[in-house]
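Welcome! Please take a moment to look over the sequence and the 3D structure before reading on.

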Amino acid sequence: MIFFSFAVRNLRRHWIRSTLSIIGIIIGVIAIASLGMMGNSINLLVASVITDIGDTVVITPHTAFGGTFAGDPRAAVDAAIPAREVEMIRRATNPHRTIPVLQGADEVEFGRGKSGYARIIGLAPEDIPILLNIADGQYPRQNQPRVLVGTHLAREYGMIPGSRLTIGNENTRVSGVLAERGLAFDINPDYAIVVSDAWYRNHFGDKDTYPMVIVRVSDLDEIDAVKEAIETRINRREVVVDVADSREILRQYREIYRQITVFLVGIGGISLIIAAVNILNVTYISVTERIHEIGIMRGIGALRHDILRMFLYEAMILGLIGSIIGGIVSAVSGYLVSVVALELATTGMTFGEGFMIFDMNAIGYIAFGMAFGIGTSITAGLYPAWRASHLAPVDAMRQK
Amino acid sequence: MSDVPLLLFRGVSKIYPLPAGDVVALDCVTLTVMVGEFIAVMGPSGSGKSTLLNMMGCLDVPTAGEIYLSGREISRMSDDDLTRLRRDRIGLVFQQFNLIPLLSAIENVEFPILLTTARAESRRRAVEVLSAVGIEASHFSHKPGELSGGQQQRVAIARALVNDPDILLCDEPTGNLDTKTGTAIMDLLAAENRRGKTVIMVTHDPDVAAYARRTIRIVDGRIT
Ligand SMILES: Nc1ncnc2c1ncn2[C@@H]1O[C@H](COP(=O)(O)OP(=O)(O)OP(=O)(O)O)[C@@H](O)[C@H]1O
Ligand SMILES: [Mg+2]
């Protein structure tokens, strides 16, 4: 234990230097832990907002970019699936339900002088109840030129069933307000107006093509068979459509966010390496200026591993203090950073119940950061300590 | 007494290779020290006395020749074994005292005990030897830098005695002391020798050398 108290004394003797290296470790640990937590928060966010509708297959026109996500703006460029191909899809995927989707946008007047540009989604009346739920009011009756309004749009412009609105220059009424759907990967009606396909064609002109076709699969296990059927029937000679299901998109999202997390942790790791170099430097200076003392200790009976231990204690104390402070600070700051980052990233979105930013994973990152901090400290202390313990006592004693 | 010499030097040389040419600090020294001897090593400055003492204390290794301690050749021993030897059997008083600057007088003396035992007994023993070399209790907590040369020398002697070693190696133990304190220290060393310790000391002072029962004279690294 005498060597432990030596280590403590020596760190105290050079307290400025010790403090600086502790700060270095703190920064490293905070960097690694909070960046890890940030990545984790993004991950949790994605998992919670993507409504996991595993029973949906989305078919979009094939683009050279290979974009599979319907929200990808590149996919919105003129490319569309002709009605003839929709029929082929319908036949290929029978008995599963094939839902062609029309999407456009137009200027909308909401009354009381308020107007804006809104997305218009056109669906066959019989398909609407399958994809969308009503929160207020009712689905438009057959041949009734009324529309459904997404929940956020309705809230923003005070639309209730019966409200009047003008799309382009066509007057119409709200038949119902849709239930919130969240960030889905097929259609996002929360900020849109949903109309019947007849109304849509009438309004935008009769284009017999669709930007997207959704296939609702009755049994999850059949997703692969359905995709396979579309691939062989439609894409046999050349690739005309891209087929994706929500599982795959979720997987892609996860992969992207996993990579972001790895990247963030990597940045944290670099700061820790800098901290480690600092410890190496401190320990090295400490060894060099104490060579004489080490020689005396060895001369009167301190074993090599005693000396080794003394320097390792020093590195360990620095690492431990730095890591503990760093751990506490990152638990607090990482939490705050996550909250702020989420707020920035998700303005206007709402989350499902019980959404948690700070979970076991976040604590795992803090623990990882701390372990890494202590580990690098000890590793950095190892070489100077080893060198100090292997000096010949007489040679060491002669140095002043 | 056993017939095996405590120390046996056979053809021991120490050569320092320097850019300006090799320095021969010890030149083919052969000598024997039996258990319980009291030896004075004398010679002019730079003749190799400290080098010889460091070899005896297992601190330095010869360039050529063999050194046997109680019949065991020290170059065959591991570093840990040699360190334990220094810790448990050898008491060294260095010419430059070599106290640890970070530690107080009493902590310096305690250090060799603390390497093996607990604090409580070490304090008692440290106080005992410090009193024996005439250091006042008020100086116990002083750092080496706050002590006079003579006081530092006595603390160094106390440290060498604290583990009750078999062999006491002292490099000019009275070099910084007045006659009265010097005599007290020599009486202490003589008493330790009577209790069975082998004492080897370097000195320039013939009066001090008179305490010893044998004198080794060394000139230019050679025993004469
Ligand atoms: N590390 C070293 N490198 C080079 N030369 C050395 C070294 N140590 C000692 N010497 C040389 O070896 C010789 C013997 O040195 P040593 O210290 O043994 O002398 P000494 O008899 O103790 O002298 P003094 O009475 O002044 O203490 C000297 O010439 C010295 O210069
Ligand atoms: Mg000398």
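Predicted model: local features only at pLDDT ≥ 70, side-chain atom pairs only at ≥ 80, totals over all residues.

**Chain B as a whole**

- Chain B contains seven helices and ten strands.
- Of the 224 residues in chain B, 55% are buried.
- Take the contacts in chain B between residues at least 6 apart in sequence: 71% of them join residues at least 24 apart.
- Chain B has an accessible surface of about 9,700 Å², and carbon and sulfur atoms account for 51% of that surface.

**The magnesium ion**

- Which residues coordinate the magnesium ion (ligand 2)? They are S50(B), through its OG atom, and Q95(B), through its OE1 atom, at 1.9 to 2.2 Å.
- S50(B) belongs to helix α1 (residues 49–56) of chain B, while Q95(B) sits in the loop between β6 (90–93) and α3 (105–114) of chain B, so this pair ties together parts that are 45 residues apart in sequence.
- S50(B) is partly exposed, because its relative accessibility is 24%, and buried would mean under 20%.
- Q95(B) is also partly exposed, at 34% relative accessibility.

**The site of ligand 1**

- How many residues surround ligand 1? There are 16, and the closest are S45(B), K49(B), S50(B), T51(B) and Q95(B).
- Two elements of chain B give two or more residues to the shell around ligand 1, namely β2 (23–33) and α1.
- α1(B) gives the most to this shell, with three residues.

**Salt bridges**

- Side chains of opposite charge can pair when their charged atoms come close.
- Over all chains, the count comes to 24 salt bridges.
- In chain A, D208(A) forms a salt bridge with R201(A), and the closest N and O atoms are 3.8 Å apart. D208(A) is partly exposed at 44% relative accessibility, whereas R201(A) is buried at 17%.
- R125(B) forms a salt bridge with E128(B), where the closest N and O atoms are 2.8 Å apart. Both residues lie in helix α4 (residues 119–132) of chain B, three residues apart, which is about one turn of the helix. R125(B) is partly exposed at 23% relative accessibility, and E128(B) is partly exposed at 45%.
- D164(B) forms a salt bridge with K197(B), with the closest N and O atoms 2.4 Å apart. D164(B) is in the loop between α5 (149–161) and β7 (167–171) of chain B and K197(B) is in the loop between α6 (179–194) and β8 (198–202) of chain B, so the pair ties together parts that are 33 residues apart in sequence.
- Is K197(B) buried or exposed? K197(B) counts as buried, at 5% relative accessibility, while D164(B) is partly exposed at 38%.
- Salt bridges that share partners join D164(B), E192(B), R195(B) and K197(B) into one network.

**Backbone spots worth a look**

- Most residues other than glycine have a negative phi, and most peptide bonds are trans.
- N98(B) has a positive phi, near 50 degrees. N98(B) is placed in the loop between β6 and α3 of chain B and is buried, at 7% relative accessibility.
- D164(B), from the salt bridge network, has a positive phi near 50 degrees as well.
- In chain A, a cis peptide bond joins N94(A) and P95(A), with omega about 10 degrees. P95(A) lies in the loop between α3 (83–93) and β3 (97–111) of chain A.

Technical notes: Residues numbered from 1 in each chain as written. Chains lettered and ligands numbered in written order. Heavy atoms only, no water. Donors = N, O, S within 2.8 Å, 3.2 Å for Na, K, Ca; no water. Helix = DSSP H or I, 4+ residues; strand = E, 2+ residues; numbered from the N terminus. Buried < 20%, exposed > 50% of the residue type's maximum accessible area, 1.4 Å probe, protein only. Salt bridge = Lys/Arg side-chain N within 4 Å of Asp/Glu carboxyl O. Contact = heavy atoms within 4.5 Å. Areas by Shrake-Rupley, 256 points an atom, 1.4 Å probe, with all protein chains shown as cover. Near = heavy atom within 4 Å.
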